[in-house]
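Please keep the sequence and the structure at hand while reading.

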Amino acid sequence: NPAGEAFLSAVKFDGKIAGSCVMIPENFYIFGEKKLIYKCADMMVHPDHRRKGLSTDLVLFLRETLRNAGPLFLYTLCSKAATYSFLKNKWAKSGNIYNYFKHNGQIRAELLFTRPERLYKEGILRPISSVLELYKDCKININEGRINIIKDEKYLKWRLSDPRYKYNIIGYYDGGLLKGYAVYSLGSGNIAYLIDIEA
């Protein structure tokens, strides 16, 4: 991770890990200043040890550990079940996350009218072979005066470095200039997962 090492906490029972939680550092622009922020990810508690306050303790331990690192704030994207542990630790809930998906039947029906192959023939959509090629042509302006994660070449190389997956990048071009991109991965059953998108 170009932003630094993650902080990990774990709890053991009879010599085996019963739960763990990790805080991942990320570089952000916060109203014009570059800041290091931490995202809580991958909090897990074994089913035999749930409802004992372990998730709350794991989050509290990491929060207190990171006080010395001085991040402006911590954040997470979590399930309804995990939200309780964060609220108990005085985290503020800013909203709900919704899952969106399209069934193959819906996509096929839309393609009857949109004809995306035309966009490829006209050069509006083009495959991009690597992160290096993406950043060679990338002219996407990030508003540094707001709150935005810094998605530079180092970040995207790290984000797409999981050897278990094959990542594809599609560029959107306007007047020959790259104006946006989407990164996706195909999972089992040919399900496409959108990893990142910018425009």
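What percentage of the 199 residues in the chain do buried residues make up? The answer is 32%. The model is predicted, and the values below are computed from it.

**Overall architecture**

The chain contains 6 helices and 9 strands. Along the principal axes, its C-alpha atoms fill a box of roughly 60 × 40 × 30 Å. Among contacts with a separation of 6 or more, 51% are made by residues 24 or more positions apart.

**The nonpolar cores**

The largest nonpolar core has 17 residues, and Leu134, Leu156 and Ile169 touch the most other members. Two or more residues are given to this core by each of strand 2 (16-30), helix 5 (131-137), helix 6 (153-159), strand 7 (167-174) and strand 8 (177-186). Another core, of 15 residues, lies apart from it and includes Cys21, Cys40, Leu62 and Leu66.

Which residues does Ile169 touch, not counting those up to four places away in sequence? They are Arg126, Pro127, Ile128, Ser130, Val131, Leu134, Tyr181, Ala182 and Val183. Leu134, listed here as a partner of Ile169, is itself named with Ile169 and Leu156 among the residues that touch the most other members of the core.

**Helix 1**

Helix 1 covers residues 54-67, which is 14 residues. At 1.5 Å a residue it should span 20 Å, and because its end C-alpha atoms are 20 Å apart, the model agrees with that expectation. The buried residues of this helix are Leu54, Ser55, Thr56, Leu58, Val59, Leu62, Arg63 and Leu66. An α-helix has 3.6 residues a turn, so residues three or four places apart point the same way.

Most residues other than glycine have a negative phi. Asp14 has a positive phi, near 50°, and Asp42 has a positive phi near 55°. Asp14 sits in the loop between strand 1 and strand 2, whereas Asp42 is part of strand 3. Is Asp14 buried or exposed? Its relative accessible area is 69%, and because exposed means over 50%, Asp14 is exposed. Asp42 is likewise exposed, with a relative accessible area of 55%.

**Loop positions**

Three further residues lie in loops. Arg115 is located between helix 3 (104-114) and helix 4 (116-121), and its relative accessibility of 45% makes it partly exposed. Gly95 occupies the loop between helix 2 and helix 3; at 45% relative accessibility, Gly95 is also partly exposed. Lys166 belongs to the loop between helix 6 and strand 7, and at 60% relative accessibility it counts as exposed.

With which residues is Lys166 in contact, leaving aside its neighbours within four places in sequence? The contacts are with Tyr184, Ser185 and Leu186. Strand 8 spans residues 177-186.

The table gives C-alpha separations for residue pairs that involve the positions discussed above.

| Residue pair | Separation along the chain | C-alpha distance |
|---|---|---|
| Gly95 and Leu77 | 18 residues | 9.8 Å |
| Lys166 and Ile197 | 31 residues | 16 Å |
| Arg115 and Asn168 | 53 residues | 20 Å |
| Asp14 and Lys102 | 88 residues | 45 Å |

Terms used
Residues numbered from 1 in each chain as written. Predicted model: local features only at pLDDT ≥ 70, side-chain atom pairs only at ≥ 80, totals over all residues. Heavy atoms only, no water. Core = buried A, V, L, I, M, F, W, Y, C linked by side-chain atoms within 4.5 Å. Buried < 20%, exposed > 50% of the residue type's maximum accessible area, 1.4 Å probe, protein only. Helix = DSSP H or I, 4+ residues; strand = E, 2+ residues; numbered from the N terminus. Contact = heavy atoms within 4.5 Å. Expected span 1.5 Å × (residues − 1).
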